[in-house]
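Please keep the model in view while reading the numbered paragraphs.

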Amino acid sequence: MLFTVSLRGFGNSYLEYEEEDEEEEEENYEQSTSSQSASARGSHVEWQLYEGERWLSIGNDHVIETHYCQPGAKGMNIYPSHMGQVYIDFDQIEAQNAAMSVRRLTFLPQAQSEDIGWYFKDDLIWREYGSLGPGQGSSSVSSGDVERQYILRPQGTFHFTVGRNSYTLDFTAMTQTNSATRVQRNVRRRPKFNSVVSRNGSISIAQSAPTVIASPPPSAGYTWEFMGEEGVWIEYQTPSCSLESAGIERRYQKNPKGQICFKAGRYSYTLDFSGMCQTNVRIGTKRIVRRTQCEAQQTSSGGLGLRSRWQFQDVDGSWKDFAKRSDTCSVSSQDIEAQYQQNPNGTMNFTTRRFSYQLDFSALTQRNLSTQTTRSVRRLN
């Protein structure tokens, strides 16, 4: 599945993000020839590419890090300036282009280490060791237990039990095998975003990574979102959540370094403004959070000036706006306009709930990539 999303504040190149269900996400990127230290950027991680003679820092690499920390992400294509396409394999931490290499550097004091998560591929989603899935008993091991065994024997195996079932985890093959049924599942080892472990075992949020956009005036409107299971940003909205973007923003304006509590379904959460993350109070699961400027406000505050509206012609002949929603469409008018400004004669891809589409700026059409149905598109100033 292919969809195109545009985050603000990036350069003229972009990336494609690949998950288990073949979803891809495109983002703008730029590459720096000077190595800017991770600590100076407010992060403990830096991604670099090696091209023939030197290692080059990748600008805005915190977005690569965000996706790398998602267990469902297999890899991504990035398009650094003047370098063409480079695919990064997250499992091997390598570039498919034989002429290039990729590396991920970490910068932490000796008393700290990364908070590592171990995950196995369930029938539908990746689950962390130690978590409880539907109808499952408690596992005898957690991510921490697996990590300790991995550090001792990174090429070995580890035996554990879940209820009455016994399993063998093979660190070389990165698979988990049921000792009785021989059913095998894939396993992944990924760091938890911006989270570190101290020598005494306490877990904390590392210094925040760079924000996606610079902070505009306090009067501007904002959207607050958290990253969902498959790496998709989901807005805080009622009634599914006890808070929505406007309410969160009001609390943020009062105390940008504070915390707030809210409920979603049967769970309670804490949203940490300093760490830009939400934590499930009962099970401790953390998700990253972002704060982005609303379209109308960004236009009035001297941004890209993206006032144009993009619409498609529905089956009944009516014109409807492209509206970005986590469960319906992957792009908004602003996303489309940003791509159009970069290449008015090009194309862009996006998805709805069931289908993938290609939007042709020259022909002003959208085409369903499965059924080949074509609809008219228009741009209103």
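Predicted model: local features only at pLDDT ≥ 70, side-chain atom pairs only at ≥ 80, totals over all residues.

1. Contacts along the chain. Among the contacts in the protein chain with a separation of 6 or more, 48% are made by residues 24 or more positions apart.

2. Overall content. The secondary structure of the protein chain comprises five helices and 29 strands. Of its 381 residues, 46% are buried. The accessible surface of the chain is about 19400 Å², and carbon and sulfur atoms account for 46% of that surface.

3. Nonpolar cores. The largest nonpolar core contains 17 residues, and those with the most contacts inside it are Trp47, Leu49, Ile64, Ile78, Ile88 and Phe90. Two or more residues of this core come from each of β5 (45-51), β6 (54-58), α1, β7 (73-78), β8 (86-89) and β10. Another core, of 15 residues, lies apart from it and includes Trp224, Cys241, Phe262 and Val289. As a general background, nonpolar side chains in soluble globular proteins tend to be buried together.

4. Glutamate 65. This residue belongs to helix α1, which spans residues 62-68. Is glutamate 65 buried or exposed? Its relative accessibility is 6%, so glutamate 65 counts as buried, the cut-off being under 20%. Its side chain makes a polar contact of 2.8 Å with the side chain of tryptophan 47. Setting aside residues up to four places away in sequence, glutamate 65 touches Val45, Trp47, Arg104, Pro191 and Phe193.

5. Leucine 105. Strand β10, made of residues 100-106, holds leucine 105. The relative accessibility of leucine 105 is 24%, and therefore the residue counts as partly exposed. Apart from neighbours within four places in sequence, leucine 105 is in contact with His44, Val45, Glu46 and Gln48. Leucine 105 and histidine 44 are 61 residues apart along the chain, yet 8.2 Å separates their C-alpha atoms.

6. Six strands, in the order β19-β18-β23-β22-β21-β20, form an open sheet with antiparallel pairing. From one strand to the next, the twist averages 35°.

7. Strand β20 pairs with strand β21 (residues 267-272) in the antiparallel sense, over six bridges. Two of the facing pairs can be located by name: glutamine 259 stands opposite aspartate 272 in β21, and alanine 264 stands opposite tyrosine 267 in β21. Two residues lie between the strands of this hairpin, where glycine 265 takes a positive phi near 65°.

8. Arginine 290. Strand β23 contains arginine 290. Because its relative accessible area is 7%, arginine 290 counts as buried. The side chains of arginine 290 and glutamate 225 are joined by a polar contact of 2.7 Å.

9. Helix α3. This helix (residues 245-254) lies across β18 (222-227), β19, β20, β21 and β23 (286-293), and runs at about 100° to β18. Its buried residues are Ser245, Gly247, Ile248, Glu249 and Tyr252. Their cover includes β18, β19, β20, β21 and β23.

10. Strands β24 (residues 309-313) and β29 (residues 374-380) run antiparallel and are joined by four bridges. Glutamine 311 stands opposite arginine 378 in β29.

Key. Residues numbered from 1 in each chain as written. Heavy atoms only, no water. Pairing = 2+ DSSP bridges. Axes fitted to C-alpha atoms, helices over the stretch in contact; angles between N-to-C directions. Contact = heavy atoms within 4.5 Å. Buried < 20%, exposed > 50% of the residue type's maximum accessible area, 1.4 Å probe, protein only. Areas by Shrake-Rupley, 256 points an atom, 1.4 Å probe, with all protein chains shown as cover. Polar contact = N/O pair within 3.5 Å; in protein donor to acceptor, adjacent residues only side chain to side chain. Core = buried A, V, L, I, M, F, W, Y, C linked by side-chain atoms within 4.5 Å.
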